[in-house]
Amino acid sequence: MSSATPELSLPILSTASAPTGAGPTTIALVGNPNAGKTSLFNRLTGLRAKTANFPGTTVEHRRADVTLGNTPVTIVDLPGLYSLDPTTPDERVACQALEGLLPGTPDPDLVLLVVDSTNLERNLFLAGQVLELGDPTVIALNLSDAAEKQGITFDLAELQQRLGCPVVPVSARTGSGIDQLLEVVQTTLRERKAPEVHAELAACGSCNGCQFSARYDWASRVSHATVRGEAVKQGRVTEAIDRVLTHRVGGLLSFALVMAATFLTIFWAATFPMDLIDSLFGAAGETIGKWVPEGDLQSLLTDGVIGGLGGMLVFLPQICLLFFVLALLEDSGYMARAALVMDRLMHKVGLPGKAFVPLLSAHACAIPAIMSTRVIEDRRDRLATILIAPLMTCSARIPVYAMVATLLFPNSSLQRALIFTAAYALGITAALAMAWVFKRTLLKGPVRPLVIELPNYRLPSLRNALLLTYDRAWAFVKTAGTTILVISLVLWALATYPKTSVDQMPADVQAQLAEMEAAGDEAGVEHLTQQVELEHSFAGRIGRTIEPVFEPLGFDWKMSIGVLSSFAAREVIVSTLAVLYGLGAEGADDGVNSLLASMGSSKHADGSLVFTTATCLSLLVFYVLAMQCLPTQAVTRRETGSWKWPLIQLGYMTALAYVAALITYQVATRLL
């Protein structure tokens with residue numbers, strides 16, 4: 001059997017076979033977690049899948065419109081579940097969709113039930129419940145290649161007789177059996193035949209005792225009657241590896257090595273495409289600058305549109321690499337072990353073990369970290385993780401840390417390194433502390449016990465990982481990108497209008513400009529003009545207005561504008577301060593060091609230095625703890641399905657940053 005993706009067009013089923021007046025034919029893809037359901041979905045649909053939330057919920061699903069024979073078919077990938085007695089929001093929505101009880105979601109015309117052939121007995125519990133619903137059903141006996149390698153075979157005739165529906169061995173990873181599966185699906189759709197529920201299975205639902213026990217007994221009897229051989233060798237290998245990977249000490253060390261390799265890959269490998277994206281947008285800005293005459297239109301295109309899109313897309317390589325590596329680790333069976341190991345530590349602050357990977361990945365960027373919280377089943381635990389993820393030091397904070405550390409200790413690499421370490425430690429401590437607070441107040445409730453299946457180790461599918469990466473990347477660009485672009489354009493407008501002509505500037509400024517022009521200092525004229533124009537823009541006026549709010553933190557009006565402008569992205573404060581303190585936009589591009597001389601010599605009206613030690617420490621603490629990233633807010637809105645949680649996130653982080661910076665500045669002023 002070829003591993004190539006089959007075309008979904010077999011001339012068996014025609015459009016006339018669909019019920020009159022019915023909507024599009026819907027196939028619901030159902031199965032246990034780790035049964036290969038998503039891999040099969042990707043095999044059947046390829047790049048035609050679309051990700052969306054179920055109507056009225058925040059639960060995500062994937063669907064794709066394909067052609068089966070002559071009939072358009074919608075395949076819906078439901079969230080994984082172990083039974084039709086749901087314990088999580090995802091499972092509840094999956095059950096409602098499967099039973100036709102979810103508003104806006106059609107009752108499935110056929111259920112494609114994915115079963116792990118290497119662990120048939122466990123999967124049969126869900127299979128029994130699905131068969132009793134009475135919908136036309138086809139069972140895909142997935143991982144048939146892995147079962148064959150383990151010496152497991154099946155009596156398919158006996159298995160089909162006991163289940164009362166077609167059973168087709170397939171391998172979603174290699175494509176084996178997919179053609180036969182599609183033929184059986186078409187035949188079942190054409191005949192609209194409900195499963196013939198075996199009397200032994202029907203008795204489970206009418207049992208006066210424990211129905212769960214009766215159903216497990218039924219699953220055990222069916223498995224023993226139809227499965228030939230045991231995976232003894234594979235089981236021994238898995239147990240040997242797990243003795244290391246799930247050990248209290250060895251498991252932590254292994255996890256640390258895996259995560260170090262993961263984030264080394266993200267930080268190192270993403271540098272090249274990020275630099276390429278940055279240079280491409282820089283070249284695009286220069287080209288537009290040459291084609292379009294100077295003025296507002298040029299500024300709108302270069303600073304607003306191109307700058308906004310570039311600032312968003314520069315994160316894309318990190319997002320793609322993160323999801324690609326996590327998909328490989330998940331598909332290999334390792335992530336279940338990692339969650340088990342970290343659960344012991346995370347439980348102490350009220351979070352599940354699965355929260356550790358998103359929090360760790362937030363050190364690269366909070367945006368993909370928040371998106372990766374989808375692995376956390378419990379909604380309260382997931383919300384708590386989303387709320388605290390931006391407290392982890394992301395790469396966007398590094399320019400701010402570098403600027404402040406160099407201002408404080410220009411001649412000591414060791415002291416600058418200690419400042420960096422302290423900033424990272426403060427972010428981690430604050431995140432864990434806030435998780436503890438949230439889990440005892442706003443998201444009060446016990447941590448959900450970690451009940452997790454440890455699947456067999458298997459070779460991950462590169463195809464599946466690439467498709468998942470594409471899906472997540474496109475969702476980020478399409479959804480978050482629109483919001484980010486709007487934010488960038490709004491901030492550009494605030495910093496550009498109203499215009500201030502030279503004759504409207506204060507007399508002392510006009511005199512200073514005249515002196516510079518007479519001396520031929522064109523760069524000085526441009527920089528001073530930028531400062532004055534920005535000061536009199538809406539952003540400048542807002543900065544003057546909010547200066548009293550930030551004055552207790554040691555911030556003047558220029559830093560207040562920096563705080564405001566950096567809501568687009570934290571690192572924006574460096575370029576903003578470059579313009580405000582006399583370097584201009586070109587100076588900002590030269591890096592942190594070129595900014596130091598101007599900032600270090602800046603003084604208040606009374607002659608005192610602006611950037612004292614107390615002010616620098618206050619600014620550092622503020623940027624360690626403040627939200628200052630509206631793109632992250634946009635992604636939080638997308639992942640939670642409500643503006644409530646982004647507003648709570650913005651509110652508590654702003655209050656935390658303000659209070660901590662206030663204490664830092666007031667204490668440092670008195671001690672230093």
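Mentor: A crossing is left-handed if the near helix is turned anticlockwise from the far one by less than a right angle, and right-handed if clockwise. The structure above is a predicted model.

Trainee: In which hand does H18 pass H28?

Mentor: Helix H18 spans residues 398-408 and helix H28 spans residues 613-625, and their axes come within 10 Å. The crossing of H18 past H28 is left-handed.

Trainee: Is H18 roughly parallel or roughly antiparallel to H28?

Mentor: The axes of H18 and H28 cross at roughly 160°. Angles over 145 degrees count as roughly antiparallel, so H18 relative to H28 is roughly antiparallel.

Trainee: How many nonpolar residues are in the contact of H18 with H28?

Mentor: From H18 the contact draws on Val400, Tyr401, Met403, Val404, Leu407 and Leu408. The contact holds no charged residues and one polar residue, and its nonpolar residues number 12.

Trainee: Which residues touch the most other members of the largest nonpolar core?

Mentor: That core has 89 residues. Ile388, for instance, touches Leu351, Leu359, Ala431, Met434, Ala435, Phe438 and Tyr652, leaving aside residues up to four places away in sequence. The residues touching the most other members are Leu351, Ile388, Leu619 and Phe622.

Trainee: Is Val659 buried, partly exposed or exposed?

Mentor: Val659 belongs to helix H30, residues 644-671. Its relative accessible area is 46%. Buried requires under 20% and exposed over 50%, so Val659 is partly exposed.

Trainee: How far apart in space are Val659 and Leu553?

Mentor: In sequence, Val659 and Leu553 are separated by 106 residues. Their separation in space, C-alpha to C-alpha, is 8.9 Å.

Conventions
Residues are numbered from 1 along each chain as its sequence is written. This is a predicted model: local features need pLDDT of at least 70, side-chain atom pairs count only at pLDDT 80 or more; totals for chains, interfaces and linings use all residues. Side-chain values use heavy atoms; hydrogens and water are left out. Axes are lines fitted to C-alpha atoms, for helices over the stretch in contact, and angles run from 0 to 180 degrees between N-to-C directions. Helices (H or I, at least four residues) and strands (E, at least two) are DSSP runs, numbered from the N terminus. Angles under 35 degrees count as roughly parallel, over 145 as roughly antiparallel, 65 to 115 as roughly perpendicular and the rest as oblique. Contact means heavy atoms within 4.5 Å. Ala, Val, Leu, Ile, Met, Phe, Trp, Tyr, Cys and Pro count as nonpolar, Asp, Glu, Lys and Arg as charged, and the others, Gly among them, as polar. A nonpolar core is a set of buried Ala, Val, Leu, Ile, Met, Phe, Trp, Tyr and Cys residues joined through side-chain atoms within 4.5 Å. Buried means under 20% relative accessible area, exposed over 50%, partly exposed in between (1.4 Å probe, protein chains only).
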